[in-house]
Amino acid sequence: MGQSGRSRHQKRARAQAQLRNLEAYAAQPHSFVFARGRAGRGVRQLSLDLEPLTATRLQIRKKNTLKDCVAVAGPLGVTHFLILSKTETNIYFKLMRLPGGPTLTFRINKYTLVRDVVSSLRRHRMHEQQFAHPPLLVLNSFGPHGMHVKLMATMFQNLFPSINVHKVS
């Protein structure tokens, strides 16, 4: 029997790199985005467009309850739920912080899908790396400061990972 192709130093360095990647992945916030109730095709497409660090292959079925999603969220490291629901009069957006955090509910007046924005462009200069990085979110000077505005700003800031200025190219 021969030796393996890697030295002890290479194995140790690889294990340390995997551990660093796992810690960096766990430090970032993750979210589930799904539609509940009788959501139409537009609302389902909107739920696919809202994907900040989400599990894209997650399948939510009608028979799944919210309790099922919460039970799965813990082992996967999910920190937020983004839930879209549609009633007869309005479309609602719920932002939930896990575990046991606050829940913010918003009524959606108007929305635009990504495919509508792309179709309105004269030249489609889209590349796959364009949506690979998290967005820059600046929530500063929101006007009259109340506790509800601070809570909303904090929730949206914690939805995305913080940007390290020294590592951004």
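Colleague: Where is the place of Thr79?

Modeller: In this predicted model, Thr79 is in the loop between helix 3 (66-76) and strand 2.

Colleague: Why is Thr79 called buried?

Modeller: The relative accessible area of Thr79 is 18%. The cut-off for buried is under 20%. The value falls under that cut-off, so Thr79 is buried.

Colleague: Which residues is Thr79 in contact with, leaving aside its neighbours within four places in sequence?

Modeller: Pro29, His30, Met96, Arg97 and Leu98.

Colleague: What makes the pair of Thr79 and His80 a polar contact?

Modeller: Their side chains are joined at 2.9 Å. The limit is 3.5 Å, and residues adjacent in sequence count only if both atoms are side-chain atoms. This contact is between side chains, so it qualifies.

Colleague: What makes strand 1 (residues 31-36) largely enclosed by the rest of the structure?

Modeller: Five of its six residues are buried, so the rest of the structure largely encloses strand 1.

Colleague: How do you know that strand 2 and strand 3 pair?

Modeller: They share seven bridges, in the antiparallel sense. Two would be enough, so the pairing stands. Ile83 stands opposite Lys94 in strand 3. The two strands form a hairpin, with four residues between them.

Colleague: In which sense do strand 3 and strand 4 run?

Modeller: Antiparallel, joined by six bridges. Phe93 stands opposite Phe106 in strand 4. This hairpin has five residues between the strands.

Colleague: Which residues of the largest nonpolar core touch the most other members?

Modeller: Val43, Leu82, Leu84, Phe93, Leu95 and Ile108, out of 16 residues in that core. At least two residues of this core come from each of strand 1, helix 2 (41-49), strand 2, strand 3 (91-97), strand 4 (103-108) and helix 5 (147-159). Strand 3 gives the largest share, three residues. Apart from this core lies another, of nine residues, including Phe32, Ile83, Met96 and Leu98.

Colleague: What does Ile108 touch, not counting residues up to four places away in sequence?

Modeller: Leu46, Leu84, Ile91 and Phe93.

Colleague: How do you know that the buried residues of helix 2 line one face of the helix?

Modeller: Val43, Leu46 and Ser47 are the buried residues in helix 2. Seen down the helix axis, the buried residues fall within an arc of 100 degrees, so they line one face. An α-helix has 3.6 residues a turn, so residues three or four places apart point the same way.

Colleague: What covers the buried residues of helix 2?

Modeller: The cover includes strand 1, strand 2, strand 3 and strand 4.

Colleague: Arg44 is in helix 2 too. Why is Arg44 called partly exposed?

Modeller: Arg44 has a relative accessible area of 37%. Buried is under 20% and exposed is over 50%. The value lies in between, so Arg44 is partly exposed.

Colleague: What does Arg44 touch, not counting residues up to four places away in sequence?

Modeller: Ala35, Gly37 and Ala39. Arg44 and Phe34 are 10 residues apart in sequence, and 7.8 Å apart from C-alpha to C-alpha.

Colleague: Now the whole chain. How many helices and strands are there?

Modeller: Five helices and four strands. From the N terminus on, the order is α-β-α-α-β-β-β-α-α.

Colleague: What share of the 169 residues is buried?

Modeller: 23%. The protein exposes about 13500 Å², and carbon and sulfur atoms supply 53% of that area.

Colleague: Among contacts between residues at least 6 apart in sequence, what share joins residues at least 24 apart?

Modeller: 57%.

Definitions and conventions. Residues are numbered from 1 along each chain as its sequence is written. This is a predicted model: local features need pLDDT of at least 70, side-chain atom pairs count only at pLDDT 80 or more; totals for chains, interfaces and linings use all residues. Side-chain values use heavy atoms; hydrogens and water are left out. Buried means under 20% relative accessible area, exposed over 50%, partly exposed in between (1.4 Å probe, protein chains only). A nonpolar core is a set of buried Ala, Val, Leu, Ile, Met, Phe, Trp, Tyr and Cys residues joined through side-chain atoms within 4.5 Å. Contact means heavy atoms within 4.5 Å. A polar contact is a pair of N or O atoms within 3.5 Å; within protein, one must be able to donate a hydrogen and the other to accept it, and residues adjacent in sequence count only if both atoms are side-chain atoms. The arc is that of the directions from the helix axis to the C-beta atoms. Accessible areas come from the Shrake-Rupley method with a 1.4 Å probe; for residues, only the protein chains shown count as cover.
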